[in-house]
Amino acid sequence: MEIPVFTVDAFTNLPFKGNPAAVCLLLHELQDDMYQNIAAEMNLSETAFIIRLNSKDDFSSGARFRLRWFTPTTEVPLCGHATLASAAVLFYKKKNVNSTVVFETLSGELYVRQQGESIVMDFPLNKPTPVAAVGDQPVQEVCLCATTKMLMVRLPDSCDRSVLTSLQPDPAVLLRVDTGGRVRGLLVTMIGDPGCLSGYDFYSRNFFPWFGVPEDPVTGSAHTVLAGYWSEKLGKKKMLAYQCSSRGGELELELQDDGRLNIAGQAVTVLQGILTG
């Protein structure tokens, strides 16, 4: 077995920032346990597998591929940064000749295209709904997205960004928050300051111990939830978001008239090799 593998830092134009994903190029499907073994070996928040669908295509000429994502412990239905990383490998490393490539995934068809120095992904939009009255608690709003099972907590607008960046949630405690399977991710967010130099509309940090990922550095799938929420609150369809993990990453968001979401970002390949076994 020899599988080309890349490590790509997504949602950044700098190496060792953003969110790293492993990307494997497959000529055919593997057994499920092999996907999981490889993802555990790579030990990143996600490992993506691009699988050729047509034997006549290669990774430079094909316009349609299957795409699967695995954390070190399980397969996931949607991953933004590993999709961005996968497209970066096809466009930048394999010099794919198509202006748009289509990934067949557990979340349906995802169209991805180049736009200047960025890659734009056409993703579903998953709006959350309020689930709790918070009263005098030190949070402004709590919402749940039933589709993604992500619980979103908005900090008060009076909070300084340091309140968000200094959070240190205990993964073991988070796993006990909900034992019924309704929650599989925690998104903590706060309003940004579009008037300042960076121009960010909102900030977030995102935690997924349910998938073996205590904190995800930059999370595209979480922004399918956050974008729907903040678009309504801010009255904007175009937004710039920053996920302020220790690595940090920037996402350009645009709600489409068809009810979907464009997520754009940059990516940098930091490693290339061959996986053998």
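**Close-up views of a predicted model**

**View 1. Cys143, a buried cysteine.** Cys143 counts as buried, because its relative accessibility is 1%. The model shown here and in the other views is predicted. Which cysteine has the sulfur closest to that of Cys143? It belongs to Cys145, and the two sulfurs are 10 Å apart. A disulfide is a covalent bond between the sulfur atoms of two cysteines. The rule used here asks for sulfur atoms within 2.5 Å. The gap from Cys143 to Cys145 is therefore too far for a bond.

**View 2. Cys159, in no disulfide.** Cys159 takes part in no disulfide. For Cys159, the nearest cysteine sulfur is that of Cys244, 12 Å away. How many disulfides does the rule give? The count is zero.

**View 3. The largest nonpolar core.** This core has 56 residues. Which of them have the most contacts inside it? They are Ile50, Trp69 and Phe103. Helix H2 gives the largest share of the core, eight residues. In soluble globular proteins, nonpolar side chains tend to be buried together.

**View 4. Around Phe103.** Here we zoom in on one residue of the core, Phe103. Neighbours within four places in sequence are left aside. Among the contacts of Phe103 are Ile50, Phe65, Leu67, Ala87, Leu90, Leu110 and Val112. Phe103 also touches Thr83, Ser86, Gly108 and Glu109.

**View 5. A second, separate core.** This core has 18 residues. They include Leu174, Leu186, Val188 and Met190.

**View 6. The largest pocket.** About 440 Å³ of space lies in this pocket. Its lining has 23 residues. Which lie closest to the centre of the largest pocket? They are Pro77, Leu78, Thr148, Met150 and Phe211. Three elements each supply at least two lining residues: helix H2 (80-93), strand S14 (213-216) and helix H5 (220-234). By class, the lining of the largest pocket has nine nonpolar, 10 polar and four charged residues.

**View 7. The second largest pocket.** The volume of this pocket is about 260 Å³. It is lined by 17 residues. Nearest the centre of the second largest pocket are Phe11, Thr12, Asn13, Gly249 and Glu250. Strand S16 (249-255) and strand S17 (260-265) each give two or more residues to the lining. The largest share, four residues, comes from S16. The lining of the second largest pocket divides into six nonpolar, seven polar and four charged residues.

Notes: Residues are numbered from 1 along each chain as its sequence is written. This is a predicted model: local features need pLDDT of at least 70, side-chain atom pairs count only at pLDDT 80 or more; totals for chains, interfaces and linings use all residues. Side-chain values use heavy atoms; hydrogens and water are left out. On a 1 Å grid over the protein atoms alone, a cavity is a set of points where a 1.4 Å probe fits but cannot get out, and a pocket is an open set with protein on both sides within 12 Å along at least five of seven lines; lining residues have an atom within 4 Å of a point. Grid points are joined across faces, edges and corners, and a volume is the space filled by probe spheres set on the points. Ala, Val, Leu, Ile, Met, Phe, Trp, Tyr, Cys and Pro count as nonpolar, Asp, Glu, Lys and Arg as charged, and the others, Gly among them, as polar. Buried means under 20% relative accessible area, exposed over 50%, partly exposed in between (1.4 Å probe, protein chains only). A nonpolar core is a set of buried Ala, Val, Leu, Ile, Met, Phe, Trp, Tyr and Cys residues joined through side-chain atoms within 4.5 Å. Contact means heavy atoms within 4.5 Å.
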